[in-house]
Amino acid sequence: MRLIDVKSFALSEFFGSNIPHYAILSHTWGAEEVTFQDWQNLKRASRMQGFEKIRDACLQARRDGYRWLWVDTNCIDKTSSSELTEAINSMYRWYADAGICYAYLADYSPRATSRSKFSDSRWFTRGWTLQELVAPKEVVFYGADWHFIGRKSDTLLEAISSVTGIPTVVFRNPKLIGVQSIAERMSWLAGRKTTREEDMAYCTLGLFDINMPLLYGEGMKAFTRLQEEIIKVSTDHTIFCWHWTAHTPKDWVSLLAPSPQAFSYGSRYQS
């Protein structure tokens with residue numbers, strides 16, 4: 001696991017039991033995100049739009065007493081397929097093990113409540129932020145100017161449950177995720193989107209405690225592979241409780257769902 005020193009901005013690698021206490025950032029990607037390669041030249045990286053939120057997250061981590069921070073944009077060398085596969089299969093655990101998670105809502109300002117709503121943030125529509133919301137013990141939300149909004153476990157509990165459809169009990173105790181039926185967990189993803197089709201499957205690996213290789217280019221076949229892996233280790237038959245939608249291919253004949261959207265009503269089914 002590669003972490004940022006919040007004082008020097010240097011990257012260091014840690015393994016196994018030697019991973020130090022760290023904070024973690026959850027955000028939506030925008031223009032000029034800083035990659036691992038960009039970070040090798042901090043002078044150049046500091047001129048990119050994506051640098052500011054990493055810098056501010058480091059400052060917040062320092063205020064909270066953390067020396068190390070993990071950010072998905074620059075802590076993974078995405079030019080290495082093996083490193084990317086390992087990172088995506090480990091990401092849920094990394095969020096779960098973090099001391100604190102900062103959820104940065106770039107499109108929301110608490111100071112402008114008349115013009116924007118917390119629940120309307122793009123952050124709630126992205127696939128990857130689902131695991132970043134449920135896995136950590138604590139998630140603290142900040143607006144565009146890094147103004148404090150609230151905590152997942154406290155003042156925002158009901159609001160987050162309302163916009164995501166995720167029961168409050170899951171936020172109070174992330175270990176209870178496995179108690180929720182497969183169909184219900186799938187329903188949490190149904191209204192979300194990812195840039196790459198395959199990531200609609202890969203972003204949920206941790207929710208179902210599944211590991212599998214990444215095959216970018218296979219499209220929604222990745223979601224079929226995910227369901228096949230789940231069936232190998234689960235006896236929860238709600239995985240078959242999906243509904244035909246306008247997006248279902250007309251020639252679809254499989255018992256498995258073609259996409260997460262087919263589980264929009266999954267919260268109705270309990271294992």
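Let me start with the pairing of β1 and strand β2 (residues 11-13), which run antiparallel and are joined by 3 bridges; strands count as paired here if DSSP finds at least two bridges between them, and helices (H or I, at least four residues) and strands (E, at least two) are DSSP runs numbered from the N terminus. This is a predicted model, in which local features need pLDDT of at least 70 and side-chain atom pairs count only at pLDDT 80 or more, while totals for chains, interfaces and linings use all residues. Residues are numbered from 1 along each chain as its sequence is written, and side-chain values use heavy atoms, with hydrogens and water left out.

Within that pairing, I4 has L11 of β2 as its bridge partner, and in the hairpin, which has 5 residues between the strands, F9 takes a positive phi near 70 degrees. β1 also runs antiparallel to β4, through 2 bridges, and there I4 stands opposite L69. R2 and I4 point one way from β1, L3 and D5 the other way, and all are buried, meaning under 20% relative accessible area with a 1.4 Å probe, protein chains only.

Turning to helix α2 (residues 51-63), its buried residues include F51, I54 and C58, and what covers the buried residues of α2 includes β1 (2-5) and β4 (68-70). Just after α2, G65 takes a positive phi of about 90 degrees.

Methods. Buried < 20%, exposed > 50% of the residue type's maximum accessible area, 1.4 Å probe, protein only. Contact = heavy atoms within 4.5 Å.
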